[in-house]
Amino acid sequence: MRHLIVRTLALFSLVFLTVAIYPASSAAQENTVDYTLTNVSNRDFSNQDLSGTSFAAAEARDADFTGADLSGTILTKASFLRANLSGVDLSGAFSDRVNFSGANLTDAVVTDAIMSSSLFKDTIIEGADFSGAIIDRYQTALMCKYASGVNPTTGVATRDSLGCR
């Protein structure tokens, strides 16, 4: 009997500590909408808090994400063709194999994001900060040809954040 009481108290303590330490992440997960495999083309997501959301394999052509918080999002295999992503926070996003061709990433914060095998053809990147982001060398070399500006949030020059020479 005593052993059962000790185990119950230990379990209660573990649950209490977990909720006390991680209350925000638990609540954030409950409120997160999952856009995986959806078509959100032409939708307006401007200035919304979409942090931690999944847009994996979503079709987001011509969608407006101006000023949205997309930090920590999963964008794997999504298409943001011609999407307006100006001023977005994509820090820590997992966005491998994403098509950003023709998108507007003006003044975006893309720090510490994983963007391997993603496409940036004709993408507007003026003032974007890619510090610490993982981007294929070929895509980085292409972006360095037209990279310009300084990010107004981080103060980092786009060319410096891409490691342009």
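How exposed is Asp 62, judged by relative accessibility? At 33%, Asp 62 counts as partly exposed. Here buried means under 20% relative accessible area, exposed means over 50%, and partly exposed lies in between, with a 1.4 Å probe and protein chains only.

This is a predicted model, in which local features need pLDDT of at least 70 and side-chain atom pairs count only at pLDDT 80 or more, while totals for chains, interfaces and linings use all residues. Residues are numbered from 1 along each chain as its sequence is written, and side-chain values use heavy atoms, with hydrogens and water left out.

**Stop 1: the whole chain**

Show the cartoon. The chain has four helices and two strands. From the N terminus on, they run α-α-β-β-α-α. Helices (H or I, at least four residues) and strands (E, at least two) are DSSP runs, numbered from the N terminus. Now colour by burial. Buried residues make up 37% of the 165 residues. Next, think about contacts, meaning heavy atoms within 4.5 Å. Take the contacts with a separation of 6 or more: residues 24 or more positions apart account for 10% of them.

**Stop 2: the salt bridges**

A salt bridge is a side-chain nitrogen of Lys or Arg within 4 Å of a carboxyl oxygen of Asp or Glu. The whole structure holds three.

Select Arg 82 and Asp 62. Their side chains meet in a salt bridge, 3.0 Å from N to O. The pair links distant parts of the chain, 20 residues apart. Both residues sit in the loop between α2 (23-31) and β1. Arg 82 is partly exposed, at 45% relative accessibility. Look at the backbone of Arg 82 too. Its phi is near 60°, a positive value in a residue other than glycine.

Move to Arg 61 and Glu 59. They form a salt bridge, with the closest N and O atoms 2.3 Å apart. Arg 61 is partly exposed at 35%. Glu 59 is partly exposed at 24%.

Then pick Arg 97 and Asp 96. Their side chains also meet in a salt bridge, 2.9 Å from N to O. Asp 96 is buried, at 9%.

**Stop 3**

Ser 118 lies in the loop between β1 (114-115) and β2 (134-135). With 1% relative accessibility, Ser 118 counts as buried.

Beyond neighbours within four places in sequence, Ser 118 is in contact with residues including Ser 95, Phe 100, Asp 136 and Gln 139. Now click Ser 117. Ser 117 has a positive phi of about 60° although it is not a glycine. Ser 117 is partly exposed, at 43%.

**Stop 3: the core**

Select Phe 100. A nonpolar core is a set of buried Ala, Val, Leu, Ile, Met, Phe, Trp, Tyr and Cys residues joined through side-chain atoms within 4.5 Å. The largest one has 38 residues, and Phe 100 is among those that touch the most other members. Others in that group include Phe 55, Phe 65 and Leu 162. Leaving aside neighbours within four places in sequence, the contacts of Phe 100 include Leu 75, Phe 80, Leu 85 and Met 115.

**Stop 4: helix α3**

Select residues 137-144. In this helix, Gln 139, Thr 140, Met 143 and Cys 144 are buried. Seen down the axis, the buried residues of α3 fall within an arc of 135° (taken from the directions from the helix axis to the C-beta atoms), so they line one face. An α-helix has 3.6 residues a turn, so residues three or four places apart point the same way. Turn to the face away from the buried side: it carries the exposed residues Arg 137 and Tyr 138. What covers the buried residues includes β2 and α4 (158-162).

**Stop 5: the disulfide**

A disulfide is counted when a pair of cysteine sulfur atoms lies within 2.5 Å. There is one by this rule. The disulfide joins Cys 144 to Cys 164, S to S 2.0 Å. Cys 144 is in helix α3 and Cys 164 in the segment after α4, 20 residues apart. Both are buried. The torsion about their S-S bond is about -90°, so the disulfide is left-handed.
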